[in-house]
Amino acid sequence: MKPGTTTTNINSAAESFPRSTMQAARRDEYGTPEVLRVAEVPIPSVGEDEILVQVIASSVNPMEWHILTGTPYLARLQHGLRRPKRRNLGADIAGIVVAVGSEVTEFAPGDEVFGETWGAYAEYALAKEKGLTHKPHNVSFAAAGSVAVAAFTAIQGLRDRAHTKGGHKVLINGASGGVGTFAVQIAKAMGTEVTAVCSTGNVEMAKSLGADHVVDYTAEDFARTGRKYDVVLDTVGNRSVLASRRLLAPNGIYVGIGGPKKSLVLLGRMATMAFVSLFGSRKLRSMLARVDKDDLEALSEMLASGRVTPVIDRTYPLHDIADALRYQGEGHAQGKTVVAVAAAPHGKEG
């Protein structure tokens, strides 16, 4: 059965899908971006609980870099020890629903959606209802396609791991990156006092996102100012565990997202954080974000209202996906790097 064919199991926008193949990024081994290629592959079939989306935009996250390169090696326990289990890449997605399975109730062909799935570096991708929500009409596909992974990390790190509340003093280390730019805005939406840590060239951008204070790490060591914070969200992990703990006020919580790229060093840091947290009221935690439908809908409302605006650094076409991953790996992106898979339909740019 071809994807999009009208049957008792599939609801489609057309009587038959106009194509049987698509362009998609593929790799057969772990390695640098050179192992990636864009190939012609079959469009995936739609299961009863699945949604086929024509991908308009995606984006690049550190997650894709780690899965591409297989580093730290701990990642290979999940993604394949010697070779990757999955040849495709890309998690953030924004696009238009093409076909839905018979068990799908929330979406229909023609709906504009965004969220998280896997295999988004392709012209078409399958998704589940829990990973998608409707795209606000006043938000572009490029902006919506840059949200899911980074914004999930920011909102869940602040709310679930750090228990951030209005009035808290929050420090965000790495405030100019993908997670950091979302975290500054979400923390401000929570009613906190935000201190952003970034380089000289990103100071004005951090201020424009709403940061109350900005520390230029090239001129001042934020870990040695003596200031204390109720919450530290660290997307970089470039200070020792004890130095990170010293940033915290009594009952403060440190949440580490970024960290060492070597597995043994990373494990050692996580173990030290857990041990140090056994003593006193200050806690240090790590985290992994998860797909959450409620969070996605909350983020959609924040985007629609303008309380959160994605920061887009560069945009690459799908056939330059290796360059997009290479730029991400350099670690200097200001906000998000977008992958433009297809042109937005006329009049639907957002």
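Analyst: This is a predicted model. In helix H10 (residues 321-330), the buried residues are Ile-321, Ala-322, Ala-324, Leu-325, Tyr-327 and Gln-328.

User: What makes these residues of H10 count as buried?

Analyst: Buried means under 20% relative accessible area, and Ile-321, Ala-322, Ala-324, Leu-325, Tyr-327 and Gln-328 fall in that class. The buried residues of H10 pack against strands S2 (21-26), S3 (37-42), S4 (50-60), S15 (312-317) and S16 (336-340), together with helix H1 (62-69). Just after H10, Gly-331 has a positive phi of about 80 degrees.

User: Why are H4 and H9 called roughly perpendicular?

Analyst: The axes of H4 (residues 148-161) and H9 (residues 293-305) cross at roughly 105 degrees and come within 11 Å. Angles of 65 to 115 degrees count as roughly perpendicular, and H4 and H9 are therefore described in that way. On the H4 side the contact involves Ala-151, Phe-152, Ile-155, Gln-156 and Arg-159; H9 contributes Asp-295, Leu-296, Leu-299 and Met-302. These residues comprise six nonpolar, one polar and two charged.

User: Which residues touch the most other members of the largest nonpolar core?

Analyst: They are Leu-158, Ile-172, Phe-182, Val-184 and Ile-186, in a core of 45 residues. H4 gives the most to this core, with seven residues. Beyond its neighbours within four places in sequence, Ile-172 is in contact with residues including Gly-180, Val-184, Val-197 and Leu-233.

User: How many residues form the second core?

Analyst: This separate core has 33 residues, among them Leu-36, Ile-93, Val-104 and Tyr-327. Tyr-327 is also one of the buried residues of H10.

Conventions. Residues numbered from 1 in each chain as written. Predicted model: local features only at pLDDT ≥ 70, side-chain atom pairs only at ≥ 80, totals over all residues. Heavy atoms only, no water. Axes fitted to C-alpha atoms, helices over the stretch in contact; angles between N-to-C directions. Helix = DSSP H or I, 4+ residues; strand = E, 2+ residues; numbered from the N terminus. Parallel < 35°, antiparallel > 145°, perpendicular 65-115°, else oblique. Contact = heavy atoms within 4.5 Å. Nonpolar A, V, L, I, M, F, W, Y, C, P; charged D, E, K, R; others polar. Buried < 20%, exposed > 50% of the residue type's maximum accessible area, 1.4 Å probe, protein only. Core = buried A, V, L, I, M, F, W, Y, C linked by side-chain atoms within 4.5 Å.
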